[in-house]
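The sequence and structure come first, followed by the points by topic.

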Amino acid sequence: VDLPGHGLSDIPSRPVRVSEMAEAVLAYMDAARIDAAVVAGNSLGGGVTLGLCHLAPDRVCAALPLCAIGTKFPM
């Protein structure tokens, strides 16, 4: 999954928050009809993994944040 501003996705006009990236992953899961998944991410992706756990804990079967960045949302 290309996060907003990464890979082949469009480059936004402003910095994208980690929480918005987690929302984008959740939107992808909805569009792909993925009810739940094991989620892993490294560095920024680890922060997005934690964000997805916070945003939709019932949709994450297991999480593997590797060297994750810090988060500003409560866990």
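Glutamate 20 has a relative accessibility of 16%, so this residue counts as buried, the limit being under 20%. The model is a predicted one. A search of the whole structure gives two salt bridges, and glutamate 20 takes part in one of them, with arginine 14.

**Salt bridge of glutamate 20 and arginine 14**
- The closest N and O atoms of glutamate 20 and arginine 14 lie 2.7 Å apart.
- Arginine 14 counts as partly exposed, at 45% relative accessibility, whereas glutamate 20 is buried.

**Salt bridge of arginine 59 and aspartate 30**
- Arginine 59 and aspartate 30 meet through their side chains, with an N to O distance of 2.8 Å.
- This pair links distant parts of the chain, 29 residues apart: aspartate 30 belongs to helix H1 (residues 18-31), and arginine 59 sits in the loop between helix H2 (44-55) and strand S2 (60-66).
- Arginine 59 counts as buried because its relative accessibility is 15%, and the limit is under 20%.
- Aspartate 30 has a relative accessible area of 44% and is partly exposed.

**Nonpolar core**
- The largest nonpolar core holds 13 residues, of which Leu3, Val25, Met29, Val39, Val48 and Leu52 touch the most other members.
- H1, strand S1 (37-42) and H2 are the elements that each give two or more residues to this core.
- With six residues, H1 gives the most to this core.
- Beyond its neighbours within four places in sequence, valine 25 is in contact with Val1, Leu3, Val48 and Leu52.

Note on methods
Residues numbered from 1 in each chain as written. Predicted model: local features only at pLDDT ≥ 70, side-chain atom pairs only at ≥ 80, totals over all residues. Heavy atoms only, no water. Salt bridge = Lys/Arg side-chain N within 4 Å of Asp/Glu carboxyl O. Buried < 20%, exposed > 50% of the residue type's maximum accessible area, 1.4 Å probe, protein only. Helix = DSSP H or I, 4+ residues; strand = E, 2+ residues; numbered from the N terminus. Core = buried A, V, L, I, M, F, W, Y, C linked by side-chain atoms within 4.5 Å. Contact = heavy atoms within 4.5 Å.
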